[in-house]
Amino acid sequence: MTDRRAWEATDPRAWLAERTLHQGRRSEVVRFGDGQGGTALLKRLRDPRADPAAVARLRREFELAQRLDPAFVLRPNALVEHERRPALLLPDLGAQTLRERLRRGTLDNEAVIRIALDLVGALQHLHGQGLIHRNLGPGQVMLLPGAGREARKALIADLGLAAEIERERPLVQRAELIEASLATLAPELTGRMSRDVDYRADFYSLGATLLEALTGAPPFNIDDPARAVHAHLALAAPMATTRNHQVFAPLAQVVAHCLHKEPEGRYQSHQALRHDLQLCEAALEQGRGLPGFEPGQGDAAVRFQPSGRLYGRESAQAQLGQAFEDAAHGQAAGAGLVAVAGFSGIGKTALVLAAQRSLLAQRGHFAAAKFNQYGQDRPYGPLLQLLLQRAAQVLALTGPQQAIWRERLRERLGANAALLAQALPEMTPLLALDAPLMPVGPAEAENRFLRAVSQGFAALAREGEPQTLFLDDWQWADRASRRLLRECLHDATLRHTLFVIAYRDNEIPPGHPIAQELAELRQQLGERFMPLRVGPLGLDDTRQLLADSLHRDPAEEDAGLDELARLCQTRTAGNPFFLRRLLEDLVRRGLIHYDTAAQRWDHALERIAATRTADNVVALMLQQLERLPDTTRQALSVAALLGAGFNLDSLAIALDSPADLLATDLLPALQAQLLVPASALYRYAPQLQGQASESVRYAFAHDRVQEAALQRIAADQRPALQLRIGRLLRDGHRAAHPDLPLPYTVLHHLNASRLLLRESHQEAERQALAGFNAQASRQAMDAAAFEPAADYAELALELAPCSPHRAAWLHHAARMAYLAGRPSRMDALLESAIADAEDNAQRARLLEVRMEAFYAQGRLADTVDLGLELFLLLGAELPRAGGPTRWRRSCSCWPTCSRRSPGSAWTRWRRARRCATNSGCC
């Protein structure tokens, strides 16, 4: 029974499960019977309490399948509900999965070829609709009666992980979290090749499936996820003939060609793969061999794909791989640091991601974060994000595996676990919070927080499981984050860890603080510091990239290719990002085209030379943005204000648009590779129907794309737009989380547009914004980030100069100014506050800030003098001094007593004074 009406007309209680045909991680295919001869085939979620993402994935699978021909795919007839959970009603064609069939033994050469031809046709149909399956394997191949003997008897099933874009940027995640089948996983799907995923990933999975059909085992029969991923990346797949001598040798060559590690080394077209399979079929029918057979002869992709390989980076890759190995072994003095320098778009990030193969060989963990050009990060934001990613990776493990890391965190952190719980509430399940946290002074609080983060990292790496922590766009790092990194690098207990920073050295002149700090770290770390500079591509590298992209033999003399390389080198200055985008633009203009008669890619050299193209990458990105639909362009410009990465929920609030419709509007940007997914949920965003949209994340493909999207907003219009965005985000946050502070990103928009709040009717809003800044200042102070704490305090005073809280805010702002290293600003704030003070008690409390600053600077005599002034100000009657000896004793007692007596400088002064008077220190 395959009809929705017939299903709904039957009493659901009559249907009983008869047999489970297939079972995956989240879903299962079950045949049901009604007890009267009627049957129904359902694909349903295994968990009746499935989360919104699982339900959305099922809905999307149904919607995608409706666009496809049932001659190629197993197309569901209806989306129904069974036992209060959604299910797909499938046609019951008497089919079995290839996995079921292989339980009875391998298939012969002829059967495998016929099934393979069916699957190539199905993939060609799928790819022609702009889809990539991403999860093809024996469990996703349905064999109808007669499969292997007759044509068109094998179908592809399960579109749950299919990508709806021609190229997809894969996520970097733990091997255990990869959703696709590890047995047939294409190397680029691991996220560790710095390669986008396209239709050729399905050719790899097809090859792995055919190898299992011929030999009874996948290429790498490994249960451990990390080892399986490493095998797909680094180990050569076995030839089918080495496992089964009955396999036809040319067919084994076809399978091996599908299983090439690099997408460029596989079949590039369905036609070439089909042709080679038909050659094998004909030879077997005639009982002859294929002497001199080479797979893929004359193959060329009819869909242009600029080569994603790294060029001219062999030395840098080797050095980075060595750094991974050194970190894995654990250096005695602490963590290592690799500083990767180079211009924007030169390939720094691609280099780091591509080198992960070495990391995976060490069973290592990886986390990445980047700094924001427009300063929207919370204090220490990217480094805390790294720690949060590592915690999330641990939380994804089984209970016994989590317990190991939980114990390491308990041992390393002790009472300081409370600091991490406060900064990162998501880490709380891993932390022991039973020990009390003792109060300390501001300097001690800062050191304690930095130490807690460093020890958090130290606890999450060990021998056999190292970690690499990547910080991109270091040129925009704030001072607090830079200090935190230095603390981590000087922590000798932080072993089996490698920090990698990437930065634009052309934006950091020699006298810049970051340049000076890197020079100091180079001296201090010695062998633990590795500088790498990534330069532009040379002419030979550019020629090689063009040859690979146009499928030319780089070893052959080719004057046209040489001239094209020189032209591209001149226009892009050897910038790989610019070069690849330029090639795509030339294809769009028809200046690079596929010559069907010659069956090769060709180019109109004279027309390219005469055509005016964008002279920089931002201008090129602007041109590409202008080709998108209006709604997509508008969404991207607002998204650019939200940051380099953003979630769907925030963008929907900022645009005042439904999340599911907005996800559809963003699809053209994903297809144009201007946006890339930052979470797997992006695929199901339209089907989520507004649920869990905060977990759907996107990122701009490059900083230059974000910059171009921002340039579409006129400078004089930006504050008004930011005010509107800030208000919408503020109201949305307060409605959903009334007890939580305003996020720093929301506060950024409101602060950037604060000058628009000038009217008298906006006074209440201005006062509220001042309060948000005061609250943010105290948050930053609690995190020992005194520089942003001082900035937010200043904004609070600017926005509400007549606030009833002004006296308290001035006191706090002065204290933050001294802690941030701004003594002159502290003095100005104190003078203003003292002038407004109503009595001597208030004045004394303000002068206490200056006294604390004197003490922090080691000016003990000045501290004593000011302390005496405070006594006089308060009318205290002091005993006569017994000469300078007693005051010297006071000064000498102070450091000891202040350490034992946490609290204000005034409290510490009184305790030291009492000790000196009593002729003995406490």
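This is a predicted model: local features need pLDDT of at least 70, side-chain atom pairs count only at pLDDT 80 or more; totals for chains, interfaces and linings use all residues.
Residues are numbered from 1 along each chain as its sequence is written, and side-chain values use heavy atoms, with hydrogens and water left out.

**Entry 1, helix α20.** I looked up α20 (residues 559-572), whose 14 residues reach 20 Å from the first C-alpha to the last, close to the 20 Å expected at 1.5 Å a residue. At its start, I found a side-chain oxygen of D558 within 3.2 Å of the backbone nitrogen of G560, and just after the helix A573 takes a positive phi of about 55°. Taking buried as under 20% relative accessible area, exposed as over 50% and partly exposed as in between (1.4 Å probe, protein chains only), I listed L561, L564, A565, L567, C568, Q569 and T572 as buried in α20. Their cover includes α19 (539-550), α21 (576-588), β15 and α22 (605-610), where contact means heavy atoms within 4.5 Å.

I followed β15 (residues 600-603) next, and noted W601 and H603 on its covered face, with R600 and D602 on the uncovered one. Two strands pair if DSSP finds at least two bridges between them; β14 (residues 592-595) and β15 pair in the antiparallel sense over 4 bridges, with Y594 opposite W601. The hairpin has 4 residues between its strands, and Q599 takes a positive phi near 55°.

I found Q624 in helix α23 (residues 617-626), and it counts as buried because its relative accessibility is 9%. Leaving aside neighbours within four places in sequence, Q624 is in contact with R581 and L674. The side chains of Q624 and R581 make a polar contact at 3.3 Å, that is, a pair of N or O atoms within 3.5 Å; within protein, one must be able to donate a hydrogen and the other to accept it, and residues adjacent in sequence count only if both atoms are side-chain atoms.

I traced an open sheet of 5 strands in the order β1-β2-β3-β5-β4, with antiparallel pairing. Its edge strands, β1 (16-23) and β4 (78-82), each pair on one side only. β1 is joined to β2 (residues 27-33) by 6 bridges, the two running antiparallel, and A17 has F32 in β2 as its bridge partner. Helix α2 (residues 52-65) packs on this sheet, touching β3 (39-45), β4 and β5 (85-90), and its direction makes about 25° with that of β5; such angles run from 0 to 180 degrees between N-to-C directions, with axes as lines fitted to C-alpha atoms, for helices over the stretch in contact.

I then traced an open sheet of 3 strands, ordered β6-β7-β8 with antiparallel pairing. β6 (96-97) and β8 (154-156) stand at its edges, each with a single partner strand, so one side of each has no neighbour in the sheet. β7 (residues 141-143) and β8 pair over 3 bridges in the antiparallel sense, and L143 stands opposite A154. Helix α4 (residues 109-128) packs on the sheet, touching β7 and β8, at about 35° to the direction of β8.

Definitions and conventions
The expected span of a helix is 1.5 Å times one less than its number of residues.
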